[in-house]
Amino acid sequence: VYLSLGLNQTEMDQFFSGPAFLAWNRMGNLFQWGGPLPQSWHVKQLYLQFKILERMRSLGMIPVLPAFSGIVPEGITRTNPNFLKVKPDEVVSSEFKALHVPYHSFNENSDPSSLCKDTFCTRYTSAVSIVSVDIPFLLLFPHANVSKLTSWSHFNCTYSCAYVLDPRDPLFQRIGGLFLTQVLKEFGTDHIYNTDTFNEMTPASSDPSYLASISRAIFNTMTSVDPQAIWLMQGWLFISDPSFWKPDQVKALLHGVPLGRMIVLDLFAETMPVYSSTSSFYGQPFIWCMLHNFGGNSGLFGTIESINSDPFNAMHFPNSTLVGLGMTPEGIEQNPVVYELMSELAWRKEPVNLYKWVSLYALRRYGTMDENLTLAWQLLFHSVYNCTLSQYKNHNRSPLVHRPSLHMQTDIWYNALDLYKAWKLLFDAAPELMALETFRYDLVDVTRQALQLLTTEYYREIRSAFQSQKLPDLLTAGGVLVYDLLPELDRLLSSNEHFLLGVWLEQAHSQAVDEHEAQLYDMNARNQITLWGPDGEILDYASKEWGGLVEDYYLQRWGLFVNTLVECLDRGRPFKQDTFNQAVFQVEKGFVYNQRKYPAKPHGDTLEIARRIFLKYYPYALKKTEIKNIL
């Protein structure tokens, strides 16, 4: 669509992000970083879309297709005297003229005027070895009402600052209509379309009439192509900026669309529901959604009491417009018990008895009535899976997966002793159940969680020893963490196929058609789970505890941190976080670009590794919890 309107391929390459960041690209938050996307990527995605839609429809599912949001490439604003470099045989066009520069036109005797005839070309460079021309264009759409938004998150305008076309502009209707027409031509339709114009971005005005006109214009673009269109919209914008989205603003945006022709995803309803503060979205239908996990982080977590009761509270809310339940995690391959519970609730008319449900979960998962396994899951449900802190977001906050400092968060929402007791019960049952994939997964995951907690304990000792200037204590605690606990954790994770960095990277490489693409996808895959941006703009947002990643990323950071603290004490110098950040960034960036190969198959004896860890660290864990209980 954009190429037909006069933009060129270079401008399109700058519009898309790399594959690991496309979700944020489609929401207008991020551009260009991790790119450019190869043409092969677009082709593969097209055919993948065909397969997905065919499978969904065969199962009776209703697919949701994209609609135009108003986020446009910067090239829409292109104007004189910016020059566009044109390669041989590339076709470029403006609203007024089009130019094709054939290869044979480029030689040392070329007449510039012959190349610029009937174009806006005013400058020409050519030589036998330099085969290009620079062409300044007039404004493609001189009357378009395009606004440049402020930067998103911690990115600067190199990679953010979206260009937004006013939905009331005729060009919005033109582009939106062309886009949706093309979508329907390729994929057919089930009449439901998603678009999010203001995801974590502030509209130009808070005037209710303005907001209503915006949503009305967006919806009219949909219905101009499909008169039966229904708009599916994320409700995250109302959570992310509540200071802007007050009742009048929310109501205006929602009521710009006829009632019943919009469905809102109450995206984080288990923790921060919006329906209850908006009179059930002021009459628009909504879907109660469990978000659960931000960034696909590792770590046990759940809000089971809320998940179990709140969907039914929403159903019985006065004048409720609830039409369904949904799951909207940013990463789903963790905490399977939470997703099993949520999936089952969609078929129930009332909450389950959680005590009975989790007791039977152990039987369903392992095929045994072992009372110790039942007790283990009851302990986990009572503690780590039952976060009741108000508005708590499940980003893994463990010091293990964050850049070290002297001011790291160490609080948890549950009693660590419950987790340690469950760990012991699972370990005791291990010899008889290691043949079961589900049990091996849980043994690794709960042991991993225990070591995550113990990392926090050793961090506290490291920090205390440094602040009290006790070098022997610092060497002891730091030595255990860096030279034993974290290496043991890496060995444990490397023994199970579900906790391997190599699998993640292999899946990324499999999309490539050549080595250049493989390197691009490798960088995307590594950057997303570490720096999340060129300079750590959203550092550790999508942290993972995987074999290979612990050893070559987290362990290296902690080793540098401990060595720096030791050096500071030894030389009588203060610890300077800014200086450390500069040094550790080189470690982080080095991991992203080191291109080291990691195993995609597990290695090591899980039971033997788990036994060694348990015998070494379980007594220390009990000692720490007993001291805390006394205090």
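In which sense do strand E11 and E12 pair, and over how many bridges? Select residues 262-266, which are strand E11, together with E12: the two pair in the parallel sense over three bridges. Strands here are DSSP runs (E, at least two residues) and helices likewise (H or I, at least four), numbered from the N terminus. Two strands pair if DSSP finds at least two bridges between them.

This is a predicted model, in which local features need pLDDT of at least 70 and side-chain atom pairs count only at pLDDT 80 or more, while totals for chains, interfaces and linings use all residues. Residues are numbered from 1 along each chain as its sequence is written, and side-chain values use heavy atoms, with hydrogens and water left out.

**The sheet**

Stay on E12 and select Phe286, which is the bridge partner of Val264. Phe286 also stands opposite Leu322 in E13. E12 and E13 are joined by five bridges, again in the parallel sense.

Five of its five residues are buried. Phe286, Trp288 and Met290 cover one side, and Ile287 and Cys289 are buried on the other.

Zoom out to the whole sheet. It is open and has six strands in the order E1-E9-E10-E11-E12-E13, with parallel pairing. Strand E1 (65-66) and strand E13 (322-327) are the edge strands, each pairing on one side only. Next, select helix H10 (residues 304-315), which packs on the sheet and touches strand E12 (286-290) and E13. A contact here means heavy atoms within 4.5 Å. The direction of H10 makes about 170 degrees with that of E12; axes are lines fitted to C-alpha atoms, for helices over the stretch in contact, and angles run from 0 to 180 degrees between N-to-C directions.

Move to strand E9 (residues 192-194) and strand E10 (residues 230-234), which run parallel and are joined by three bridges. Tyr193 has Trp231 in E10 as its bridge partner.

**Asn199**

Select Asn199, in the loop between E9 and helix H6 (208-225). Is Asn199 buried or exposed? Its relative accessibility is 7%, so Asn199 counts as buried. Neighbours within four places in sequence aside, Asn199 is in contact with Met27, Asn29, Gln234 and Trp236.

**Aromatic rings**

Select Trp152 and Trp532. They form a tilted aromatic pair, 6.1 Å centre to centre with 55 degrees between the planes. Rings of Phe, Tyr and Trp (its six-membered ring) pair if their centres lie within 6.5 Å; planes under 30 degrees apart count as stacked, over 60 as edge-to-face and the rest as tilted. Trp152 is in the loop between strand E7 (146-148) and strand E8 (163-165), and Trp532 is in the loop between helix H18 (515-528) and helix H19 (549-571), 380 residues apart. Trp152 is buried at 6% relative accessible area, and Trp532 is buried at 1%.

Finally, select two arginines. Arg364 lies over the face of Trp357, at 4.9 Å from the ring centre. Arg526 lies over the face of Phe591, at 5.1 Å from the ring centre. A charge sits over a ring if NZ of Lys or CZ of Arg is within 6 Å of the ring centre and within 35 degrees of the ring normal.

Notes: Buried < 20%, exposed > 50% of the residue type's maximum accessible area, 1.4 Å probe, protein only.
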